[in-house]
Amino acid sequence: MQSEQPLKVLILAAEIEPFVKVGGMAEIVGALPKALQALGHDVRLIMPRYRQVDEQHFQLSTILDSISVPMGNFKISASVREAEIGNHIPVYMIDAPRYFDRENIYGYTDDGERFILFCRAALEAVRSLDWSPDIVHCNDWHTGIVPNWLHTIYRSDDFFEHTASVYTIHNLAYQGIFGYRLLEVAGVAANGFVYPQIAELANVVDIMGRGILFADAVTTVSERYAQEILTPTFGEKLDHMLRSRRDRLFGILNGVDYQENNPTNNTFIHAPYDADSLEKRSENKAVLQEQAHLPVRPDVPLLAMISRLADQKGFDLLAQIIHPLLAQGVQFVLLGVGDQHYHEMFQKLAASYPDQVAIFLTFNTELAQRIYAGSDMLLMPSRFEPCGTNQMYAMRYGCVPIVRHVGGLADTVQEYNPHGSGGNGFVFQNYDAWEFFAAIVRALALYPFKDIWRTLQMRGMAADHSWHASALRYVEVYRNALEYHKTGK
């Protein structure tokens, strides 16, 4: 593989860490390019320039004063700024204030037009820079129109003639559904609607659906999720289309950044440690209990959740079992924001159980790492979970995951086997509150047996979920996409 030519890869995304982060995609898109570059590839990224991207902090420079971007019957002018991540990896930013100089990243009635503009400007920007990519790697619905364009309005364009598209689904639940007018803005109205066989989608524009349909290769963020989305249960009404493209669908587990999340050198935690000095975790637990205003008790199991507060993440299950769970005498720490009714539920719990429940209704990366380093178990009872990275971070810190057997959780966490040598956590199968409770009870029963618990922790800490392995898989998919593109199928 090493003898093959390096690839020129353009990655398009609506959000990229460290510039803007709303969801997990930003973290992934910020990390993958570094691993691809380490393999010898020429990687460049492109995103919108939002108000939130501080010009001085990120040292933005203007590289194109003005590019002309077709939008339906009009042309819009945008400029292109540049920043860097990692080892001088260029991040281009489409600067179109009318579309992106706003209070929030998403949530506007013209989101469809905003991201059509971004995608068209991205392609025109690399043309102006005379950098013709081998691969355009698109992420989630915001960039789903690009594979469609490469098969239509850019099909006979010499500059993009050899460019293949790869489309990554981070979360199939958000598809970018709009009305017919968006096809006119995007310049593909002549193609009309593309899936009349699906009743719910026959008369709407589903941008993610177009990405899936037209991309040379489609990926999603774990092997199990790639199988799950072929079924009506997880397919979000696109399972029929995904099954028709299953030969082009690849599951690649997200990696995690072990440089940023490493208990041996983490400056945010009280006492650094490794697998050979796990006893130091007790210091981190005590500091976390103090910060959470909980009694400092090393013997009490400390359970944690770090999550968006939404039904998808299993909070409806937790609501059913939280009182019997607290009756076991455990402590519970929550970090996250989300649905208001869950905010209220946890505020009441913290008031009723001040010695057992602590809540941080915010998101804070430093505090998250202290929670991984100080808590004993992490709960992830998700309804669906395309990949999930929290369970991987938790294991790195010697915090034992308790998860539902779904998506990337199933790919990374195996049930502890008391009669063998396997397992690194506790797992339940069905989306059922009492199955979830039973998994926690199994963990609590094992917790007093310190030698066994330590073995479980060490197994988790030894797992390699670094980006290197994932990047190798992406390169494989990129080369497949180029072959598919050449054949024109």
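## Overall build

Helices (H or I, at least four residues) and strands (E, at least two) are DSSP runs, numbered from the N terminus. By that definition, the protein chain has 17 helices and 17 strands. Its radius of gyration is 23 Å, close to the 23 Å that the globule rule gives for 489 residues, so the chain is as compact as a globular protein of that length. Here the radius is taken over C-alpha atoms, and the rule is 2.2 Å times the number of residues to the power 0.38.

This is a predicted model, where local features need pLDDT of at least 70, side-chain atom pairs count only at pLDDT 80 or more, and totals for chains, interfaces and linings use all residues. Residues are numbered from 1 along each chain as its sequence is written, and side-chain values use heavy atoms, leaving out hydrogens and water.

## Inside the chain

Buried residues (under 20% relative accessible area, with a 1.4 Å probe and protein chains only) make up 60% of the 489 residues. Contacts are heavy atoms within 4.5 Å. Among those between residues at least 6 apart in sequence, 73% join residues at least 24 apart.

## The cysteines

A disulfide is counted when a pair of cysteine sulfur atoms lies within 2.5 Å. How many disulfides does this rule give? The count is zero. For C387, the closest cysteine sulfur is in C399, 17 Å away, which is too far for a bond. C387 counts as buried because its relative accessibility is 2%, and C399 is buried too, with a relative accessible area of 1%.

Methods. Buried means under 20% relative accessible area, exposed over 50%, partly exposed in between (1.4 Å probe, protein chains only).
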